[in-house]
Every structure is written in structure tokens, then in C-alpha cells.
Amino acid sequence: MEHKKTYNAMEIKHRNGNVIIEGPIPSSKLATFDFHEHLVAFRPPEQQHKALIEIADLPEGRIIIAREMNEIVGYVTYLYPDPLERWSQGKMENLIELGAIEVIPKFRGGGIGKALLEVSMMDDAMEDYITITTEYYWHWDLKGTKLNVWEYRKVMEKMMNAGGLEYYATDDPEISSHPANCLMARIGKRIDPESIRQFDSLRFMNRFMY
């Protein structure tokens, strides 16, 4: 499968400053930007910056960033699911995962997260993918946002909806382990029925056989 990547951008006038939302960004360009010290949700900032550069180098990898001047203040990643996850078991070339999304506290609450999703889906090539995201409450910044699990889940769903992702049921044990966890997905317009059938079989792998 050919992974086409077409650059798109928009500007958000946030109350704390103007932010450029752009991507997919190539690794060479990502390496030239500073990486904000408050981007700590997944690993230390320096390590996460390096991880984004590595993802951008993958054939299917996509990094969309939120940038204030020369500093990355938010990002979203897309790549093939982790080989250890069930979503990779179908070896589907046209299934990618929104692996991480993060915005620094200073720029939360102003539509930056939604804009990251919107710019992601401006690329027509996204119509060739099933895009999934697995939301786990233990990744959420409940302390920093002072939201409870259900309030945060509502915020996450609304943000994902901006990119066309919708709730999908699954029997995945990790997702099923807490009612706030969920699977969300966007089925591209050019996805064939067989790929949808494959995706459905990945969603429900624990059915009893009679």
C-alpha cells in the first residue's frame, strides 16, 4: 500500500497566543523544532520528541503538530498498531492507530486538540484507512484537568468526534476492564467491505464457538 502524505495547516488564535496546526511533518523538520517541557504524558519530553521523529520516518507514520513559534506545544501520532495488540493481528495495511495526542496545559480548552484531529483528516489519503484509537482512563490527566473519569471521557469523545472518530463496541479485555475505556474509529470513504469485515472480527475475538 502506498502511504500518501499531504501537508495541511491552520492557525488557531488561542487566548494564550497564536498556534499553527500542521502536518504531516517529516522527521527532518520535526528535529529542528523545540519540544515543550510540559509534554510529559507518555515519557520525558526529550524521549518523546525522539519517538515522534522515529514515527515520522515510518512509511505509514504521521505526525501532526501544534506549534507556537518554533516550539511544539501539542501533537497527534498515527502509525500501525503495536505488534502486541490485537489490532495488528489482522495484518491490515489500511488500519492505522491514533497512538497519542497531547497538548500542554497552557493551550488546553481552546480547541487545539480538535484542530489537531481536523488537520489530520484534511488529507484525502485518510479515506483509504480505518483509523482507530484506544482510550484508557489511566492515560488521562485527571489531576491536571480536575475532571472526573466520566467528564474526561466526554471531552475525549467530543475531541475525537471532530476527526470523525466514533464509538465502536469491542470485547478487548483491556478496554473492557473499565467502563470509561473505549475504542473509537473512523472508516474512510474508500474502505472496502472485506476490510470492514476484518475490522469487525478484530473487535470481537472472544465470541464463543458453538
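Strand S2 and strand S4 (residues 62–68) pair in the antiparallel sense over 3 bridges, where two strands count as paired if DSSP finds at least two bridges between them. In this pairing, Glu22 stands opposite Ile65 in S4. Helices (H or I, at least four residues) and strands (E, at least two) are DSSP runs, numbered from the N terminus.

The model is predicted: local features need pLDDT of at least 70 and side-chain atom pairs count only at pLDDT 80 or more, while totals for chains, interfaces and linings use all residues. Residues are numbered from 1 along each chain as its sequence is written, and side-chain values use heavy atoms, with hydrogens and water left out.

S2 also has a partner in strand S1 (residues 8–14), with which it pairs in the antiparallel sense over 7 bridges. S1 and S2 form a hairpin, with 2 residues between them.

A contact means heavy atoms within 4.5 Å.

The view may now be widened to the whole chain. It contains 7 helices and 9 strands, and 49% of its 210 residues count as buried. Among contacts between residues at least 6 apart in sequence, 67% join residues at least 24 apart. The C-alpha trace spans about 60 × 40 × 30 Å along its principal axes. The radius of gyration of the chain is 17 Å, which agrees with a compact globule, because such a globule with 210 residues would have a value near 17 Å. This radius is taken over C-alpha atoms, and the globule rule is 2.2 Å times the number of residues to the power 0.38.

Finally, the accessible surface of the chain comes to about 11000 Å², of which 53% belongs to carbon and sulfur atoms; accessible areas come from the Shrake-Rupley method with a 1.4 Å probe.

Definitions and conventions:
Buried means under 20% relative accessible area, exposed over 50%, partly exposed in between (1.4 Å probe, protein chains only).
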